[in-house]
Amino acid sequence: MKRSISVILVCFLLIASLAACKKTSGLYYDYDMSKYVALGKYIKTVDRKSDDYKGALLNFYNETFGTDLAYEAEEGYIELGDTANINYKGLKDGVAFEGGTSSNYDLTIGSGTFIDGFEEGLIGAKIGDTVNLNLTFPENYQSEELAGQDVVFVVTINFATKLGDPTEEDAKKYGFDSLDDYETQADEFAIGVCLFTNISKTATVKDYPKEERELLLDSAIADYEAYWSSQGTDLATFLEYQGSNVADFRNTVLEQEIKPYMDNYLIAYYLLQTHDAELTKDEVEAKRVELDEKYDATLESMGYDAIEIQHTAALSKVVKLISSEAKAVN
C-alpha cells in the first residue's frame, strides 16, 4: 500500500476511543463552524530547525519505519529520537531522594516521559559520559516534597538505540516511490502539522456542539465506571474516598479530557469549511480502508468508532491542505 500524509496523521493526532454520535446527515459535521470556532492571528512561517518541526518529522519516521531500521550505538552523541539506556540518581541538597534512582533505564528522547529539561539536557551528550542535570520539579508535581524544588540528576549514558537513516531501498519497501518521495512527504507533513499547531494556539473554541459533548462525556464516564467495577468497587465509592463526587468528576473530565479532545477537530472542520473543502463520505471510507490496511486489522476491532475515523480523515485533509500555505525556512 502506498503511504501518504493522511495515513501517518492518525497516530499523531488521534486520541483515545470515544463513543459515536448519531446524526441524520451522511456526514458527521453539518454545523456552521463559525458558531464554534474563531481564528486568531497565527504565524505562517515554519522553521525547519524548530523542535516542533523536528518532532513532526520524527513522528512521520516512526509511523513509517517504527524500529525496523534501529541499531545499537556505544559511541557518538545523543539525538532527538534516540532511546538512551541510562543510569540516573536524583539529588536534593546533595542527598538522593526516594524514587529518583534507576539503572539501565531506556528513555526515548522526545517522549516527554521525564520532567522538563531532563531529556533536553541529554541531547548532544556523549554516549558513555556522565552528565549533571540541574533541574526544577514543577510546582504541581505529585510529590509535595519535590514540587517546585531544585534538584540535580546525575546521569550516565550506557548506550543508545538510534534510528537508522532510510535508504532508497527502504523507502520503496515501505511504499514510497523513492527516498526523495519519502522526504518530500515527511517535509509536507511536518510543515502542515506545525502550521496547524500554530493555528490552534491562537484559535478560540467558543462553544461545543451540545449533543456530541454530552455523548462523549457519558462515554468517558462509562469507561471510568467500567474500570473501577473491574477493580471490585465503583466510581462513586472511589471518588468519595478521594473526597470528591461524580458531579465534580464529570466536570473535571469535561474540562480536562473532552473539550481538549474536541478542540483539534473542531478547528479542523472550521478550516475545511473556510477553504470550501468539505469532507466527503468517500474520503472517510477511503481513510477507513487505509487505516485498516496499515494496521492489518479493522479499526472497529481495535476500539475505534466511525466518528473517530471521520475526525482523523478531517485532520489528515486539513494538514495536507494547509501545508502549502506555510512559508518554510531552514
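A nonpolar core is a set of buried Ala, Val, Leu, Ile, Met, Phe, Trp, Tyr and Cys residues joined through side-chain atoms within 4.5 Å; buried means under 20% relative accessible area, exposed over 50% and partly exposed in between, with a 1.4 Å probe and protein chains only. The model toured here is predicted: local features need pLDDT of at least 70 and side-chain atom pairs pLDDT 80 or more, while totals for chains, interfaces and linings use all residues. Numbering runs from 1 along each chain as its sequence is written, and side-chain values use heavy atoms, without hydrogens or water.

**Whole chain**

Show the protein chain as a cartoon: it has 10 helices and nine strands, taken as DSSP runs numbered from the N terminus (helices H or I, at least four residues; strands E, at least two). Of its 330 residues, 43% count as buried.

**The cores**

Select Tyr-182 and Leu-266. Within the largest nonpolar core, which has 61 residues, these two touch the most other members. Helices H2, H5 (179-202), H6 (210-230), H7 (235-241), H8 (246-274) and H10 (306-323) each give two or more residues to this core. H8 supplies the largest share, 14 residues.

Stay on Leu-266 and leave aside neighbours within four places in sequence: its contacts (heavy atoms within 4.5 Å) include Tyr-29, Met-33, Val-37 and Tyr-208. Then select Ala-84, Ile-115, Ala-125 and Leu-133, which belong to a second, separate core of 24 residues.

**Aromatic rings**

The structure holds 23 aromatic pairs. Rings of Phe, Tyr and Trp (its six-membered ring) pair if their centres lie within 6.5 Å; planes under 30 degrees apart are stacked, over 60 edge-to-face, the rest tilted.

Select Tyr-88 and Tyr-105: their ring centres are 6.0 Å apart and the planes stand at 80°, so the pair is edge-to-face. Tyr-88 sits in strand S4 (residues 83-92) and Tyr-105 in strand S5 (residues 95-108), so the pair ties together parts 17 residues apart in sequence. Tyr-88 is buried at 11% relative accessibility, and Tyr-105 is partly exposed at 26%.

Move to Phe-137 and Tyr-141, a tilted pair with centres 4.5 Å apart and planes at 50°. Phe-137 is buried, at 4%; Tyr-141 is partly exposed, at 27%.

**Asp-68**

Finish in the loop between helix H2 (51-65) and strand S3 (70-73), where Asp-68 lies. Asp-68 is exposed, at 53% relative accessibility. Its side chain makes a polar contact of 2.4 Å with that of Tyr-174 (a pair of N or O atoms within 3.5 Å; within protein, one must be able to donate a hydrogen and the other to accept it, and residues adjacent in sequence count only if both atoms are side-chain atoms).
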